Amino acid sequence: MHGFYYFQIKAPTDTAALNTAVSGKINYTGKLTNSKVFDTTDEDLAKESYVYDANRTYGPVQITWAEKYEDITMGGSSSEASSLITGFKFALSKLHKGEKGVAVFTSDLGYGNDITNSVIPAYSPLAFELEVVQVDK
């Protein structure tokens, strides 16, 4: 995909593709290119980065992979699929059990020119550190 880059940090424990309605859990941290964290599943990092939300539950989140990356869901709800940005879903489609890596992508795969979000400026390229911590068969 044009404007998408992936760097593996930790090799997978299993190289089988996760693309046929397999569920599991991931940890992730979203950053701007200046390393400012805007979202994370790590409570301590959220507090350190001043993005902590007391109303949120931190820890690994549920993911359901699909045959097409566009249909990947987070949180166990199919309505969540449309709220995930393209670059994030595409990154998830490339992961394997036990793998950890960083996906970096251009703004057209992220939030584009959306200026309603005060944390992520318009036209911002994004980086996500992702780790598959559990796969349910």
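I started with burial (buried is under 20% relative accessible area, exposed over 50%, partly exposed in between, with a 1.4 Å probe and protein chains only). F4 is buried at a relative accessible area of 12%. F105 is buried too, at 1%, and F128 comes out buried at 4%.

A reminder to myself: the model is predicted, so local features need pLDDT of at least 70 and side-chain atom pairs pLDDT 80 or more, while totals for chains, interfaces and linings use all residues. Numbering runs from 1 along each chain as its sequence is written, and side-chain values use heavy atoms, without hydrogens and water.

Next I looked up ring pairs (Phe, Tyr and the six-membered ring of Trp, centres within 6.5 Å; planes under 30 degrees apart are stacked, over 60 edge-to-face, the rest tilted). I found nine aromatic pairs. One of them is F4 with F105, stacked at 6.4 Å centre to centre and 10° between the planes. F4 sits in strand β1 (residues 4–10) and F105 in strand β6 (residues 100–105), so this pair ties together parts 101 residues apart in sequence. Strands here are DSSP runs of E, at least two residues, numbered from the N terminus.

I then followed F105 to F128: their centres are 5.9 Å apart and their planes at 10°, so this pair is stacked. F128 belongs to strand β7 (residues 126–136), so its pairing with F105 of strand β6 joins parts 23 residues apart in sequence.

Which residues do ring pairs link into a cluster? I noted F4, Y28, F38, Y69, F88, F90, F105 and F128.

How values were computed: Helix = DSSP H or I, 4+ residues; strand = E, 2+ residues; numbered from the N terminus.
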